[in-house]
Amino acid sequence: MMKRIWSLFAVLALLCALTIPALAAAGGTADAEPAVQTVSEEELARSEENTTKVRKIWAVAALIGVACFGGALGMAHSVAKAANNMAEQPEAAGQIRTSMMMGLVFIETVIIYALIIAILIIFVL
């Protein structure tokens with residue numbers, strides 16, 4: 001039962017990490033113009049640019065937050081299970097430790113990929 005919950009959480013974290021940048025890039029602007037007050041094109045462009053920057057900041061913050069939170073939970077779960085298994089089977093401690101370290105490396109890799117995507121959102125989009 002717990003494995004299913006952790007697997008579901010991992011899939012949910014991955015989906016969030018993949019969809020947040022897409023939603024930020026898609027954005028969406030309000031097309032309503034004020035009826036009484038006229039705004040110059042320069043002010044409008046500046047306003048849209050600021051709105052885009054704010055969207056990028058929120059998308060990056062959410063992306064890094066979800067990736068780090070999911071990674072931390074996954075690492076904590078992995079280390080706890082490995083420690084428990086090493087306590088139950090001390091003769092297999094070396095193999096368990098090696099498998100745990102490989103798993104931690106893969107989890108950390110996903111977090112680094114999220115960081116790279118966040119940097120791309122800030123500087124490229």
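Trainee: Which residues form a nonpolar patch on the surface?

Mentor: Keep in mind that this model is predicted. The patch consists of Ile 112, Tyr 113, Leu 115, Ile 116, Ile 119, Leu 120, Ile 122, Phe 123, Val 124 and Leu 125. Together they have about 1000 Å² of accessible area.

Trainee: Why does Leu 120 count as partly exposed?

Mentor: Leu 120 lies in helix H3. Its relative accessibility is 45%. Buried needs under 20%, and exposed needs over 50%. The value falls in between, so Leu 120 is partly exposed.

Trainee: Why is Lys 56 called buried?

Mentor: Lys 56 has a relative accessible area of 19%. The cut-off is under 20%. Therefore Lys 56 counts as buried.

Trainee: Where is Lys 56 found, and what does Lys 56 touch?

Mentor: Lys 56 is in helix H2. Leaving out residues up to four places away in sequence, Lys 56 touches Ile 121, Ile 122 and Leu 125.

Trainee: Which other residues of H2 are buried?

Mentor: Besides Lys 56, the buried residues of H2 are Ala 59, Val 60, Leu 63, Ala 67, Gly 70, Gly 71, Gly 74, Ala 82 and Met 86. In H3, the buried residues include Ala 93, Ile 96, Met 100 and Leu 104. For the chain as a whole, 19% of the 125 residues count as buried.

Trainee: How do you know that the end-to-end distance of H2 agrees with its 48 residues?

Mentor: Take 1.5 Å a residue.

Trainee: What does the same test give for H3?

Mentor: H3 has 31 residues, which should span 45 Å. Its end C-alpha atoms are 45 Å apart, so this helix agrees as well.

Trainee: What makes up the largest nonpolar core?

Mentor: Seven residues do: Ala 82, Met 86, Ala 92, Ala 93, Ile 96, Met 100 and Leu 104. Helices H2 (41-88) and H3 (93-123) each give two or more of them. H3 supplies the largest share, four residues. Another core lies apart from this one, with six residues, among them Val 60, Leu 63, Ala 67 and Ile 121.

Trainee: Which residues is Ile 96 in contact with, leaving aside neighbours within four places in sequence?

Mentor: Ile 96 contacts Ala 82, Asn 85, Met 86 and Gln 89.

Trainee: How many helices and strands does the chain come to?

Mentor: Three helices and zero strands. From the N terminus on, the order is α-α-α.

Trainee: What share of contacts join residues at least 24 apart?

Mentor: The figure is 84%, among contacts between residues at least 6 apart in sequence.

Note on methods:
Residues numbered from 1 in each chain as written. Predicted model: local features only at pLDDT ≥ 70, side-chain atom pairs only at ≥ 80, totals over all residues. Heavy atoms only, no water. Core = buried A, V, L, I, M, F, W, Y, C linked by side-chain atoms within 4.5 Å. Buried < 20%, exposed > 50% of the residue type's maximum accessible area, 1.4 Å probe, protein only. Contact = heavy atoms within 4.5 Å. Expected span 1.5 Å × (residues − 1). Patch = residues over 30% accessible without salt bridge, like charges linked within 9 Å, V, L, I, M, F, W, Y side chains within 5 Å. Areas by Shrake-Rupley, 256 points an atom, 1.4 Å probe, with all protein chains shown as cover. Salt bridge = Lys/Arg side-chain N within 4 Å of Asp/Glu carboxyl O.
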